[in-house]
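Please look over the sequence and the model shown below before reading on.

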Amino acid sequence: MPAPALPLVDLRSDTVTRPTPAMLEAMWGAPVGDDVYEEDPTVARLEAATAARFGLAAGLFCPSGTMTNQIAIKAHTEPLSEVICEQTAHVYLWEVGGIAFHSGASVALLPGERGRVTAAQVEAAIRPTNIHYPTTRLICLENSHNRGGGSCYAWPELLAIAEVARRHQLPLHLDGARVFNAAVATGQRTEDYGQLFDSISVCLSKGLGAPVGSVLLGSAAFIQKCKRLRKAFGGGWRQAGYLAAAGLYALEHHVARLADDHARAARLAGALARQPYVAEVLAPETNLVIFRLHEALPTATFLAHLEAHGIKASEFGPQWVRFVTHLDVDDAGLARVEAALLSAAKN
């Protein structure tokens, strides 16, 4: 009889996590109602709890971070306006051109350092009043930054950008898909974010391990406007409390443990740096490890080698690969990855 296959070690993304038994139990027992009628108590609890975590007044539970980002952008802008963001920002690069499609707005792209921009860059990108130009209406930041390898803003830089936004009377939106990773890595209190940002998108289905969902945060008036936009986007929920219960469980039990994912990412980065076929590793700040292979080892060959060992990873551009650690990757799984990296050097 052939030996049973080893469990899959899936490093493609932290979106691949599955609910833990305790999370499933919380979902099973959740009180629910029709959320379009605003009668789902568990959704209401999740929205209020997430808003409180970030020092903002209200929240809106949505199916995805793409939806929360795009609803926020539409609420803050109008056609013929412009959004300022870094050139590899998720809202621009990986949301299907949604800014143009949904909001009729253009985008001013800034070259960042691992996805991070400076206050001086933001201020220089704000358009003067001119009939030939779109009108600057919104500044978007991403923290931690996906394409930057989980890079995090230093708090003084966020303060400086927020000061520019206030001085020019521009709203500031945070794509916080992995904002809890950034907070755990930097030690910054999440409650402080509400002092800087007018709106925040918080994803529950990445490092926090919920099966689906993101929460958009802002003032009560802003969220009421966004609720109408969510309906127009087709995002009204019915008995969504079963999903919201997973998010509540994640907020209560899965935030502090993100430090374990960060430690495992650092361990993987060290193992990669020792391999002769790895040309460069971006030093991980959170749970993402992005690295470049030497030209002699094609990316497809490397990924096939990993897959033969029951490991999945993502191509991240020519010769670039991304590993993402999460709650479904334990130390035993990490040891298997390290062994596979060593054996790749021998082939």
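## Aromatic rings

Ring pairs join F54, W155, F180, Y193 and F197 into a cluster. Here the rings of Phe, Tyr and Trp (for Trp, its six-membered ring) pair if their centres lie within 6.5 Å, and planes under 30 degrees apart count as stacked, over 60 as edge-to-face and the rest as tilted. This is a predicted model, in which local features need pLDDT of at least 70 and side-chain atom pairs count only at pLDDT 80 or more, while totals for chains, interfaces and linings use all residues. Residues are numbered from 1 along each chain as its sequence is written, and side-chain values use heavy atoms, with hydrogens and water left out.

By the ring rule, the count comes to nine aromatic pairs. In one of the pairs, the rings of Y277 and F302 have their centres 5.7 Å apart and their planes at 50°, so this pair is tilted. Because Y277 lies in the loop between helix 11 (258-273) and strand 9 (278-281), and F302 in helix 12 (residues 299-308), the pair ties together parts that are 25 residues apart in sequence. Helices (H or I, at least four residues) and strands (E, at least two) are DSSP runs, numbered from the N terminus. Both Y277 and F302 are buried, where buried means under 20% relative accessible area, exposed over 50%, and partly exposed in between, with a 1.4 Å probe and protein chains only.

F291 and F323 form an aromatic pair that is edge-to-face, at 4.9 Å centre to centre and with 65° between the planes. This pair links distant parts of the chain, since F291 is in strand 10 (residues 288-293) and F323 in strand 13 (residues 320-324), 32 residues apart. F291 is buried, with a relative accessible area of 0%, and F323 likewise counts as buried at 0% relative accessibility.

The 13 residues of helix 7 (residues 155-167) should span 18 Å at 1.5 Å a residue, and the end C-alpha atoms of the helix are 18 Å apart, which agrees; the expected span is 1.5 Å times one less than the number of residues. W155, a member of the ring cluster, is also among the buried residues of helix 7, together with L158, I161, A162, V164 and A165. An α-helix has 3.6 residues a turn, so residues three or four places apart point the same way. The buried residues of helix 7 pack against helix 6 (119-125), strand 5 (135-142) and strand 6 (172-176), with contact taken as heavy atoms within 4.5 Å. Just after helix 7, Q169 takes a positive phi of about 55°.

## Pockets and cavities

Grid points are joined across faces, edges and corners, and a volume is the space filled by probe spheres set on the points.

| Space | Volume |
|---|---|
| Largest pocket | about 220 Å³ |
| Second largest pocket | about 180 Å³ |
| Largest cavity | about 60 Å³ |
| Second largest cavity | about 40 Å³ |

The largest pocket is lined by 19 residues, of which H90, N146, A177, R178 and K206 lie nearest its centre. Helix 3 (65-76) and strand 7 (199-203) are the elements that give two or more residues to this lining, and helix 3 supplies the largest share, three residues. By class, the lining of the largest pocket has three nonpolar, ten polar and six charged residues, where Ala, Val, Leu, Ile, Met, Phe, Trp, Tyr, Cys and Pro count as nonpolar, Asp, Glu, Lys and Arg as charged, and the others, Gly among them, as polar.

The structure also holds two cavities of 30 Å³ or more. Residues that line the largest cavity include C85, E86, C140, L141, E142 and D175, and strand 5 gives the largest share of that lining, three residues. The lining of the largest cavity has seven nonpolar, two polar and three charged residues. Among the residues that line the second largest cavity are A177, R178 and K206, residues that also lie nearest the centre of the largest pocket together with H90 and N146. F180, a member of the ring cluster, is another of the residues lining the second largest cavity.

How values were computed:
1 Å grid on protein atoms, 1.4 Å probe; cavity = no way out; pocket = protein on both sides within 12 Å on 5 of 7 lines; lining within 4 Å.
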